[in-house]
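Here's a quick tour for anyone meeting this protein for the first time. Have a look at the model, and then we'll walk through what sits inside it.

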Amino acid sequence: MSRRVVRQSKFRHVFGQAAKADQAYEDIRVSKVTWDSSFCAVNPKFLAIIVEAGGGGAFIVLPLAKTGRVDKNYPLVTGHTAPVLDIDWCPHNDNVIASASDDTTIMVWQIPDYTPVRNITEPIITLEGHSKRVGILSWHPIARNVLLSAGGDNVIIIWNVGTGEVLLSLEDLHPDLIHSVCWNNNGTLLATTCKDKTLRIIDPRKGQVVAERFAAHEGMRPMRAVFTRQGHIFTTGFTRMSQRELGLWDPNNFEEPVALQEMDTSNGVLLPFYDPDSSIVYLCGKGDSSIRYFEITDEPPFVHYLNTFSSKEPQRGMGFMPKRGLDVSKCEIARFYKLHERKCEPIVMTVPRKSDLFQDDLYPDTPGPEPALEADEWLAGQDAEPVLISLKDGYVPPKHRELRVTKRNILDVRPPSGPRRSQSASDAPLSQHTLETLLEEIKALRERVQAQEERITALENMLCELVDGTD
């Protein structure tokens, strides 16, 4: 009698659990915009959620520890004149977040470690280059200050946030609306899906489509695509009969799928969240009340169903914590932030283990916050792998780091008249003398601000006395 052999995998028993009620974030008016982004972005320091806002677009940024009921007057990040459609934290600076909006602009914000007293309204930089709404943002995985945006004008723009310059503009590669864009692990290629039903692999620095597959999923509804660790493409989409479907593709041979599985009949777009360290992909459907997860391996059927986490409430959006933000002492391999109509609820995925020791097999070295390349190096054609860190002793986010923006000839692109200097003042190395001068200027400014604040306090006191006197 033949015995069925059970597939060996350390992830066969991944256990999902919603956080206790006091660990959720309550009283948040989640955006009702009909756009298929996740509406939520999270990193080891902060949770950001796109919220309803009158007269423009806004999102709220909460320190991870600030659970419970959120004050209705809690400061928001406001600056866009139309709804915010997507937000994304910078992988190399936990205090920097980018937002994209219906108003055609992208704004990059510096979030302080302390709770601000009033709304944050001044971005570090506003990036203007799209002619229609901007719905997709994605930071480069290894190059500093490189941000990708995709708009309703069917254009992908890659920016250097540190200078405000457009590094690359990919204009004629998509004839219709772009549904999703994903970098591969070292940022050399992009996978895009489009309303024309074509899945494309693009080399952004050459501005070329290097491989494409028409109708990877035959349905008309939006597709999503992510790169896997092995260089394959994992996709979600719909069949001609509007059944949800997932696929795995080899870009070197797009003729036949490596794997193709029908899922269920539901009209919610499946958002794939892929963890390259464990090769697990989590599928969160908009409007679903479940998270399904699959392991991608090198042996048939290549995409192995693991389990489903189910709850009662449907999800409006979902945030996915980077690996360095997880609690390794509890064998946590993933954490989601599920958006309800009025709250955000953490969902923890763990692999139960008896030992309290660090589990090396669950936590290989993972990309850390240090970039491997500068923007100019990447643009010039250099490649590198992500700078990895060990999670053995847990991860402590670095202290607040300022993002400095040095705009290069954005307002005036004419060449300067007269003899050209060999090196501009902004490019010159900072000497000790310059540093001392800067420190003195900062000190003087601080003293002036303090004097102004004291003057304001004195005036307010005078005003109170006058009001009391008239009463």
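Which residues does Phe-59 touch, leaving out those up to four places away in sequence? In this predicted model, the list runs to Ala-48, Ile-49, Ile-50, Val-51, Leu-76, Val-77, Val-84, Ile-87, Ile-97, Ser-99 and Trp-109.

Phe-59 is also part of the largest nonpolar core, a set of 38 residues. It's among those with the most contacts inside that core, along with Ile-28, Leu-47, Ile-49, Ile-60, Ile-111 and Tyr-337. Several strands give two or more residues to this core, including E5 (57-63), E10 (105-110) and E29 (332-339).

Now for the charged side chains. The structure holds 19 salt bridges, and here are three of them:

| Pair | N to O distance |
|---|---|
| Arg-324 and Asp-94 | 3.1 Å |
| Arg-205 and Asp-383 | 2.5 Å |
| Lys-323 and Asp-275 | 2.7 Å |

Arg-324 and Asp-94 are both buried, and they sit 230 residues apart in the chain. Lys-323 and Asp-275 are buried as well. Lys-323 is in the loop between E28 and E29 while Asp-275 is in strand E24, so this pair ties together parts 48 residues apart in sequence. Arg-205, on the other hand, counts as partly exposed because its relative accessibility is 22%, and Asp-383 is partly exposed at 48%.

Notes. Residues numbered from 1 in each chain as written. Predicted model: local features only at pLDDT ≥ 70, side-chain atom pairs only at ≥ 80, totals over all residues. Heavy atoms only, no water. Core = buried A, V, L, I, M, F, W, Y, C linked by side-chain atoms within 4.5 Å. Buried < 20%, exposed > 50% of the residue type's maximum accessible area, 1.4 Å probe, protein only. Helix = DSSP H or I, 4+ residues; strand = E, 2+ residues; numbered from the N terminus. Contact = heavy atoms within 4.5 Å. Salt bridge = Lys/Arg side-chain N within 4 Å of Asp/Glu carboxyl O.
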